[in-house]
Amino acid sequence: MLAAALCAPALAAAPRPALADAAVASGRVDVDGDGDLDDVHVEASGTIVARIDGKAGDAFDRLEVAGAATGATFAAARLGAGPRLLVQLDVTTPEGVRVKHAVLLRFERGVLFGEWQGPVGPVGRDGDHAVTVAFEDGELYRYEVRPGIDRCDGQPARLFAQAWTGKEFRAVRLQPAVDPAAPTVTATAQAPAVAPSTSAVWRAAWASTQAGATDASQLTRPRELDDGDAATVWTENRGKDGRGEFITFRATKAGARLAGFRLLGGDARGAKELAASNRPRRLGVVTRTAAWWIEVPEASGAAALQPVWAMLPEPVATDCVTVVLGEVWPGKATKGGKRDVTAIAELVALADVDLAEGGGDRALVDDVIAGGLAADTATKQLARRGAAAARAIEAALADGARGLDPAARQRLLRALG
């Protein structure tokens, strides 16, 4: 639970000492770590003042941002052996721009020492993502959030997470946050009767990290995961083997039912690249209401360059599914102190219609024939499916048993065009 909850007002028998008239925000948190709540306030100048046990304390006035403070929130926690105070200020700059600025203070021998400060809240010209700093589980974390990049189970999507070391923030591995008691599915090399390399229904929408991205604004759709091409590879970009990173898939067809996954782990561009990369060993799968684990057996040689299949016990109706990296098979690159790199050549979410006779393209063609809004969506999907979609449309046009009416035939011809 976030320790930011510590900034909530608390009941206390002792009267609160009067604060300065210049205070723009005040709160009660345990600044000195003795278990009792202390008074803190922020003045318009940005000066942070602490009063310990109702007595005069210390003030910190060395902010690295210019402007007038208009508000603040407070949180406190013990990091390592000492108490820390986190103050997040609302500041209006001399140019009239509203920004947020966080300050981490260490209280020692009656003095507030500044350990770190920096911008938080919306970042960039468009404010398309935001930086969050918070105490969690005895640590101070800094991470990013971006609207639309989320987990289907509602768990927080912490992007580019870092932990405070006492001197700086460094990249940290997060826990998968998937129910450890969720049922397990074992991936196998045995392909289903209909074994598509791509899905007509599901698409990889977002990954929490990818090669070349240094912040949340640079994340793009990880097309390399479900393009059917083993030569295009997704790699994590965190230097911590990728555990806890996630990939979210969205359904492009109403009434979608998730049936399983096709996986080709590691850098499958060649045997040398494969041996040098970490490969998924355990994956968490979560929807809005359910969860599973996928166990991926170890493989070597030519077998490691072939996909495996993980089928759910029964297809599940959902429009969103997130896959979380839980454990990895280490590659040679992890030995001798070298940097971990986890790679996935292909990870394809499969719908039940993808595995049915005729595959997902036939299901899309049926939507076009049926007409309505579903036909418009299916037409756009078929346009992205290439030659396989064209063959499915041509087969429907040539199938006299379908008894197509003129309007349905016209829709198919438009889709083929």
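This is a predicted model: local features need pLDDT of at least 70, side-chain atom pairs count only at pLDDT 80 or more; totals for chains, interfaces and linings use all residues.
Residues are numbered from 1 along each chain as its sequence is written, and side-chain values use heavy atoms, with hydrogens and water left out.

The chain has five helices and 22 strands; these are DSSP runs numbered from the N terminus, with helices (H or I) of at least four residues and strands (E) of at least two. The C-alpha trace spans about 90 × 55 × 40 Å along its principal axes. Of the 417 residues, 47% count as buried. Buried here means under 20% relative accessible area, exposed means over 50%, and partly exposed is in between, with a 1.4 Å probe and protein chains only. The areas come from the Shrake-Rupley method, and for residues only the protein chains shown count as cover.

Phe 74 is one of the buried residues, with a relative accessible area of 4%. Phe 74 sits in strand E5 (residues 68–79). From Phe 74 to Gly 54 the separation is 20 residues in sequence and 17 Å in space, C-alpha to C-alpha.

Charged side chains come next. Side chains of opposite charge can pair when their charged atoms come close. The term salt bridge is used for a side-chain nitrogen of Lys or Arg within 4 Å of a carboxyl oxygen of Asp or Glu. The structure holds 20 of these salt bridges.

One of them joins Glu 136 to Arg 158, with the closest N and O atoms 3.1 Å apart. This pair links distant parts of the chain: Glu 136 belongs to strand E9 (residues 129–136), and Arg 158, 22 residues apart from it, to the loop between strand E10 (139–145) and strand E11 (159–164). Glu 136 is buried at 8% relative accessible area, whereas Arg 158 is partly exposed at 24%.

Another salt bridge pairs Glu 115 with Arg 106 through their side chains, at 3.0 Å from N to O. Glu 115 is buried, with a relative accessible area of 18%, and Arg 106 is partly exposed at 23%.

Asp 241 and Arg 243 also form a salt bridge, their closest N and O atoms being 2.9 Å apart. Asp 241 is buried at 3% relative accessibility, while Arg 243 is partly exposed at 29%.

The side chain of Thr 342 reaches the backbone oxygen of Asp 241 at 2.5 Å. A polar contact of this kind is a pair of N or O atoms within 3.5 Å; within protein, one must be able to donate a hydrogen and the other to accept it, and residues adjacent in sequence count only if both atoms are side-chain atoms. Thr 342 lies in the loop between strand E21 (320–329) and strand E22 (343–351), and is buried at 0% relative accessibility.

A polar atom of the Thr 248 side chain lies 2.6 Å from the backbone oxygen of Asp 150. Thr 248 is part of strand E16 (residues 246–251) and is buried at 1% relative accessibility.

On the surface, Arg 203, Arg 223, Lys 380 and Arg 384 gather in a patch of positive charge. A patch is made of residues with over 30% relative accessible area and no salt bridge; like charges are joined within 9 Å, and nonpolar side chains (Val, Leu, Ile, Met, Phe, Trp, Tyr) within 5 Å. Lys and Arg count as positive and Asp and Glu as negative, with His and the chain ends not counted. The place of a charge is taken as NZ of Lys, CZ of Arg, CG of Asp or CD of Glu. Arg 223 is in the loop between strand E14 (202–207) and strand E15 (234–235).

The last topic is the backbone. Most residues other than glycine have a negative phi. Asp 137, however, has a positive phi near 50°. Asp 137 lies in the loop between E9 and E10 and is exposed, with a relative accessible area of 66%. Ala 177 likewise has a positive phi, of about 55°. Ala 177 is in the loop between strand E12 (169–171) and strand E13 (184–186), and is partly exposed at 39% relative accessibility.

Terms used
Accessible areas come from the Shrake-Rupley method with a 1.4 Å probe; for residues, only the protein chains shown count as cover.
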